Amino acid sequence: MKKLLFINACVRGESSRTLRLANAFLDTVNRNEYEIIHRDITEGKTMFLTKASFLPNGETKRDIDPSPALEFANADKIVIAAPYWEFLFPAVLSAYMERVSVPGITFMYTENGSKGLCKADSLTYIYTAGDNLKHEDRLCEKYFEKLSKLYGIESFSSISAEGLDIDPSKAQEIVDNICTKIKEKRI
């Protein structure tokens, strides 16, 4: 059975509008074809890399757990859900991605540049935003699009619900409309 890795960075938990979109997306996954591995990274157990993470010569210490990178590299599909915060996403997702970006596991360096080592054929990034975003404000999408290429993941897509805090009385309707489109596979 194939593996779909769902990385949940929806720090507001069950009240998260982003999580509602992600759950609508996951409801469309064929459970006979994919096992869904749910990684809730919102507990803050993923530590940032710091000076203490490296040996004096710059090499990463051997005691750093490679399992997040190995799990990411071996997934057949990847879905990441995180709210839009300050043009990117919550810091816990940044810390997680630091743990995933491991040379020799998710990518490698060659004489001709980096080469991706991930098995996944697609990465889908799901988010919500309080404002309506301009193209140049979508740094979160560019970030994951670039990482997808680095990791050798051929297909990148994003799903968003925007303008949710402009008129809070319409937020539920906006999220519901996007959930409907997801379920009808119009996204």
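Which residues form the nonpolar patch on the surface, and how much accessible area do they have together?

Mentor: The model is predicted, so local features need pLDDT of at least 70 and side-chain atom pairs pLDDT 80 or more, while totals for chains, interfaces and linings use all residues. Residues are numbered from 1 along each chain as its sequence is written, and side-chain values use heavy atoms, without hydrogens or water.

The patch consists of Phe 87, Leu 88 and Leu 139, which together have about 250 Å² of accessible area (Shrake-Rupley method, 1.4 Å probe, only the protein chains shown counting as cover). Patch residues have over 30% relative accessible area and no salt bridge; like charges are joined within 9 Å, nonpolar side chains (Val, Leu, Ile, Met, Phe, Trp, Tyr) within 5 Å.

Phe 87 lies in the loop between strand E3 (77-81) and helix H3 (91-100); helices (H or I, at least four residues) and strands (E, at least two) are DSSP runs, numbered from the N terminus. Phe 87 counts as partly exposed because its relative accessibility is 41% (buried is under 20%, exposed over 50%, partly exposed in between, with a 1.4 Å probe and protein chains only). The phi angle of Phe 87 is near 75°, a positive value in a residue other than glycine. Glu 86, found in the loop between E3 and H3, also has a positive phi, near 45°. With a relative accessibility of 66%, Glu 86 counts as exposed.

Next come the helices. Helix H4 covers residues 139-151 and packs against H3 at an angle of about 10°, the axes being 13 Å apart. Axes are lines fitted to C-alpha atoms, for helices over the stretch in contact, and angles run from 0 to 180 degrees between N-to-C directions. H3 and H4 are therefore roughly parallel (under 35 degrees; over 145 is roughly antiparallel, 65 to 115 roughly perpendicular, the rest oblique). On the H3 side, the contact is made by Leu 93, Met 97 and Val 100; on the H4 side, by Tyr 143, Phe 144, Leu 147 and Tyr 151. Contact means heavy atoms within 4.5 Å.

The C-alpha atoms of Gly 116 and Tyr 151 are 3.9 Å apart, although 35 residues separate the two in sequence. Leaving out residues up to four places away in sequence, Gly 116 touches Thr 106, Phe 107, Leu 150, Tyr 151 and Gly 152. Gly 116 is partly exposed, at 22% relative accessible area.

Arg 138 forms a salt bridge with Glu 162, at 2.6 Å from N to O; the term means a side-chain nitrogen of Lys or Arg within 4 Å of a carboxyl oxygen of Asp or Glu. Arg 138 is in the loop between E6 and H4, and Glu 162 is in the loop between strand E7 (155-161) and helix H5 (171-183), so this pair ties together parts 24 residues apart in sequence. Arg 138 counts as buried at 18% relative accessibility, and Glu 162 counts as buried at 16%. Through salt bridges that share partners, Arg 138, Glu 141 and Glu 162 are joined into one network. By this rule the count of salt bridges comes to ten.
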